Amino acid sequence: MNKKAVLCLFLFLCGSSIFGQWREDVKNLINLSDYEDAIRMLEPLYEKAEEIDRPVLSALLAFVHHRRQHRESEHEWIVRYFELHWGRPVSFGFSTPRDGAEFQSFLTLWRERYPFVSDIHLIDPRRPAGSGPPDRLVIGMEVANTGLYKLRQGETVLAGSLLLPGYNTLSLPARRLFDSDGILLFILEIKSGDVLLIKKITLESQFEGTEQKAPQKEDRRDPEFRIRLLFDGETLVDSRKRKRPPEPVRTGIDFGVPYKNYDPEKRTDPLNQSFSILSAVGLAAHLIRSLAEKNAYEPLPPLRKVRMLELTFCRVREDGTAVERKAVVRLRVETEGLQLYGGVREKRVG
């Protein structure tokens, strides 16, 4: 084994012992109420730790800063714990049961007051071919706690109402995205109790390819007929109507050749032109089943949740030519900050 391999093995073992020992070291520091040293140890560890350890490290840092009454740092790490690690349940083996109970109580209180919103996405509108550009796009989200929201664009408030736990949707004006490549910025403020979460929502559109001539639409207009009422050669009423011709009724029963007037001299028995009663009963049952199926509700297709939406739409040029364009809309969501309201004081973390 060469010297380089020995050195690599030594560094690997040292690194393993350091990262395996941090839990015991932090446990002892918290037990001794040495929070400053615990903070100095945990913050560099968070940057170097694997993803599986980062939720508990961010929760511990928020808890230790809370013990030291460092409110701004506590809020900063709480935002990381929820926004980056989704507030996953974590556990840590403290030296005393009291420390462990206080840690879990601390996280529970934040879970009950934090306006946690996850899985913000665009909803595919499933528009028919040949449609014009949409005026609005809809986003969906999962909400953990009841809260009030305000949606604004710049200083203009677009909407505001109540968000309930579970799935919620918001409609965003998006017509400008389909005139040319562009970006729309929205600010979503969600308030739960004394906590206000601020998120920035960005919609960015980019056109692909060139304009193509739109396909001709099939003429599905109903037949038109004209009604005129004349009197002494003069038109009193003239009206045009459209009506879809009735579809032929298919019963599957042969009714035979209909007759109008029965002539006994021709000795034609009308009973020979009748139909089976059993067939009539079957026809009635078939019509009842068809009526029931027609009134039944068809299940709605599931929502298609996306972060990138491809839309093909038609628009009319100034010369009257209909063209078809394809645009890609991307959604980005960022957490701008957290505000806490206590009396008349307001604190911002961003």
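Student: Are Phe82 and Tyr114 buried or exposed?

Tutor: Buried means under 20% relative accessible area, exposed over 50%, and partly exposed in between, with a 1.4 Å probe and protein chains only. Phe82 is buried, as is Tyr114. The model is predicted, so local features need pLDDT of at least 70 and side-chain atom pairs count only at pLDDT 80 or more, while totals for chains, interfaces and linings use all residues. Numbering runs from 1 along each chain as its sequence is written, and side-chain values use heavy atoms, leaving out hydrogens and water.

Student: How many aromatic pairs does the structure hold?

Tutor: Rings of Phe, Tyr and Trp (its six-membered ring) pair if their centres lie within 6.5 Å; planes under 30 degrees apart are stacked, over 60 edge-to-face, the rest tilted. The structure holds 12 such pairs. In one of them, the centres of Phe63 and Phe103 are 5.4 Å apart and the planes stand at 75 degrees, so this pair is edge-to-face.

Student: Where do Phe63 and Phe103 lie in the chain?

Tutor: Helices are DSSP runs (H or I, at least four residues), as are strands (E, at least two), numbered from the N terminus. Phe63 is in helix α3 (residues 54–67) and Phe103 in helix α5 (residues 97–113), 40 residues apart. Both are buried.

Student: Which residue lies over the face of Trp77?

Tutor: A charge sits over a ring if NZ of Lys or CZ of Arg is within 6 Å of the ring centre and within 35 degrees of the ring normal. Arg80 lies over Trp77, at 4.3 Å from the ring centre. Arg113 lies over the face of Trp110, at 4.5 Å.
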